[in-house]
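Thanks for coming, everyone. Let me put the sequence and the model up, and then I'll walk you through a few spots.

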Amino acid sequence: MSQTGEPSWWGTKGTMTDAVNNVPAAPPVRRSRDIPMLVERARAGDPRAVARLITLVESGDETLPQIAAALAPYAGQAQVVGLTGSPGVGKSTTTNELVRALRSRGHRVGVLAIDPSSPFTGGAILGDRVRMQDHATDPGVYIRSMSSRGHLGGLSAATPQAVRVLEGAGCDVVLVETVGVGQAEVEVASLADTTLVLLAPGMGDAIQAVKAGILEIADVFVVNKADRDGADATVRDIQGMIALGERGPGQWRPAVVRAVAVRGEGIDDVAAAIDKHRGWLVERGELRRRQEARAAAEVEAIALGALRARIGSLRDGTELSTLAAWVAAGSLDPYAAADQLLAQIAGDSTGNPTGRYERP
Ligand SMILES: Nc1nc2c(ncn2[C@@H]2O[C@H](COP(=O)(O)OP(=O)(O)OP(=O)(O)O)[C@@H](O)[C@H]2O)c(=O)[nH]1
Ligand SMILES: [Mg+2]
């Protein structure tokens, strides 16, 4: 993070002036809310514009609807790969190596490292900064840490928009790293096309995986730190659990891959497993289905947020207090009152109380 608090793409920080050549300095991006300009620059690959847009998204800026509208045409252009697993299992190291593998194939890559514990800073997690340093000077890689704390919808609220920003900036692949605590890993699965769950020997991970419902979300299991004792047992455990899982014909059977990320070993196998899953998604029409499910969750979260805000604003107004007085006096039941409130809000916001939607 720079001294001003504005996050910067690691290593791709540029200076803004070009006064030497008498070229007028480009308008500043740092504090800008000029969304068309920012999107145009992000499209052209300007890392500062990408950073700025993600900051606006992350902070829930009032320009969010405008940003979303400007980025809508680029939806679904990147392959979104989620990586999750216990703290310290090797997610950042694996991400770093995957970036290398993807770059060697000529892909533009975006990385979002979601930190569910730290408050919103727009800053980077120090450990990740060190582990992903390899790509600091590569203009084909955008790396950004985000905090999910402070967002009502957690990870699900801001991350899809940040992914859109990276898609808009021309990333072919977006890797999303989330620490597997609480709800986070399930959420990462809901926003990724392919979800990698990392395990390490001797962490009791395999058993925990089942408890936490990880088995259902994993498309690929990576047994990392395979240089340590117990890797074989971990692979066996997880394969045993996969064998027990019920699967219809043609359904995806999670792949299990070993890796020693710290030495770059097994990363090609991980990349191959991702490709294979991608092929299956496309072949089965599952990719579109996942994208639509993701869009549904996104729209729902936005609508609920708007509804909550609207009801909040009614709380002090006469509409709710009138209904409340009737309910308190026993002349109206609370469900009927809630129906009236919703009908009122729907009529207000659409100007179209018939309940029909407008097609774009
Ligand atoms: N022995 C061994 N150590 C590894 C391997 N991969 C990663 N490590 C080490 O494990 C530690 C944690 O790695 P990270 O990549 O930061 O793990 P992480 O899952 O991103 O951690 P958090 O983001 O803090 O949850 C580091 O010291 C790595 O060097 C591996 O394959 N073998
Ligand atoms: Mg990490």
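Okay, let's start with helix α4, where the buried residues are K91, S92, T93, T94, T95, N96, E97, L98, V99 and L102. By buried I mean that 20 or more other C-beta atoms lie within 10 Å of the residue's own; 12 or fewer makes it exposed, anything in between partly exposed, and the C-beta atoms are placed from the backbone. Helices here are DSSP runs of H or I with at least four residues, strands are runs of E with at least two, and both are numbered from the N terminus.

Before I go on, a word on what you're looking at: this is a predicted model, where local features need pLDDT of at least 70 and side-chain atom pairs count only at pLDDT 80 or more, while totals for chains, interfaces and linings use all residues. Residues are numbered from 1 along each chain as its sequence is written, and chains are lettered from A and ligands numbered from 1 in the order in which they are written.

Back to α4. Since 10 of its 14 residues are buried, α4 is largely enclosed by the rest of the structure. Its end C-alpha atoms are 20 Å apart, which agrees with the 20 Å that 14 residues should span at 1.5 Å a residue; the expected span is 1.5 Å times one less than the number of residues. Just after α4, G106 takes a positive phi of about 90 degrees.

So which helix gives the most to the shell around ligand 1? That's α4, with 3 residues. Both α4 (91–104) and α5 (126–131) supply at least two residues each. There are 18 residues around the ligand, and G90, K91, S92, T93 and V262 come nearest; a residue is near if its C-beta atom, placed from the backbone, lies within 6 Å. Sorted by class, the shell has 6 nonpolar, 7 polar and 5 charged residues. For the record, Ala, Val, Leu, Ile, Met, Phe, Trp, Tyr, Cys and Pro count as nonpolar, Asp, Glu, Lys and Arg as charged, and the others, Gly among them, as polar.

Next, have a look at the loop between β6 (220–223) and α10 (231–244), where K225 sits. K225 isn't a glycine, yet its phi is positive, near 55 degrees. It's buried too, with 25 other C-beta atoms within 10 Å. N224 is in that loop between β6 and α10 as well, and it is buried, with 29 other C-beta atoms within 10 Å.

Last stop, a helix pair. The axes of α1 (residues 35–43) and α2 (residues 47–58) come within 7 Å and cross at roughly 130 degrees. Those axes are lines fitted to C-alpha atoms over the stretch in contact, with angles running from 0 to 180 degrees between N-to-C directions. α1 and α2 are therefore oblique to each other: under 35 degrees would be roughly parallel, over 145 roughly antiparallel, 65 to 115 roughly perpendicular, and the rest is oblique.
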